[in-house]
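Try each task before reading its solution.

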Amino acid sequence: MTKKKVLVGLLVLVVLTAVGLGAFNFSNQGHKSSQQNSSSQKSSEQKLTNLPKGAKSTDWDLVLVNKWHPLSSEMNFDKATVSGATVDARIKQAVLDFQNGARAAGYQTNLISGYRSIQYQKEVFANVKKNNIAEGMSDEEAEKATAAVVQSPGSSEHHTGLAIDIAGSDAFEKYPNLEANMDQFASQKWLIDHAADYGFVLRYPKEKSQIKQTGIDYESWHFRYVGVKNAKYMKAHNLTLEAYVKGLQAAGR
Ligand SMILES: [Zn+2]
């Protein structure tokens, strides 16, 4: 055998081993995550009682978008501009009321972002991935590193037009890149504490069990419109949107 052939043979062996290990890892992970799923299902499937009158899992304001429920195409709805951001026109007034409420309590707020198209998210994802590759990562590494910090296109709740990133102006000034500890500011605390009065919920809470349900780390600035009755119920029962929708479905709604 020539040296070259030996090398090629070795390379094939290495690749096959890597693929084998990868497959093993993958099936292992699949197993692990399905176990996790069933245990989190158990905890979030406790029967919900006194559900809000008329609330159904199929209501427009309860649409669930996450990494397990990605959108395959752009959603269609009337859009409106509010404080420089685009949102579903049906929540424009609620966003204004939320900001006005904060102002009346003494807090200026910044509406940082609202609706983002799947196309836009694709561009963001591609740009971050390109930078990772430019910094020396392989395609696979770059994809993984990007997915850890950027929602993959189709799975961002901002596609719905019902999600807003909003912060107390002082908190935003200190943390322009949005960080969890913006919640140390009284302005951000006010937003978190009063969101439900305006039909919003803090969508990605910080409890470990809830992070498992949402698949997203704690975000003290990301709020989701679900309507006042749903928001108040979710707040009172400490429910993520995932758990609430599941509970409605379990109740045949
Ligand atoms: Zn957000």
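This is a predicted model, where local features need pLDDT of at least 70, side-chain atom pairs count only at pLDDT 80 or more, and totals for chains, interfaces and linings use all residues. Residues are numbered from 1 along each chain as its sequence is written, and side-chain values use heavy atoms, with hydrogens and water left out.

**Exercise 1.** Find the protein donors of the zinc ion.

Solution. Search for N, O and S atoms within 2.8 Å of the metal (3.2 Å for Na, K and Ca); water is not among the atoms, so sites may look incomplete. Next, read their spacing: H-x6-D-x56-H. His-158 sits in the loop between helix H4 (139-149) and E4, and His-222 in strand E6, 64 residues apart. Helices (H or I, at least four residues) and strands (E, at least two) are DSSP runs, numbered from the N terminus. Last, check burial: His-158 and His-222 are both buried (under 20% relative accessible area, 1.4 Å probe, protein chains only).

**Exercise 2.** Identify the residues that touch the most other members of the largest nonpolar core.

Solution. Join buried Ala, Val, Leu, Ile, Met, Phe, Trp, Tyr and Cys residues through side-chain atoms within 4.5 Å. The largest core has 20 residues, and Phe-98, Ile-164, Phe-200 and Phe-223 touch the most other members. Now assign elements: H2 gives the most, with four residues.

**Exercise 3.** Describe the cover of helix H9 (residues 241-250).

Solution. Count first: seven of its 10 residues are buried. Among them are Leu-241, Tyr-244 and Leu-248. Then step past the helix: Gly-252 follows H9, with a positive phi near 75°.

Notes
Buried means under 20% relative accessible area, exposed over 50%, partly exposed in between (1.4 Å probe, protein chains only).
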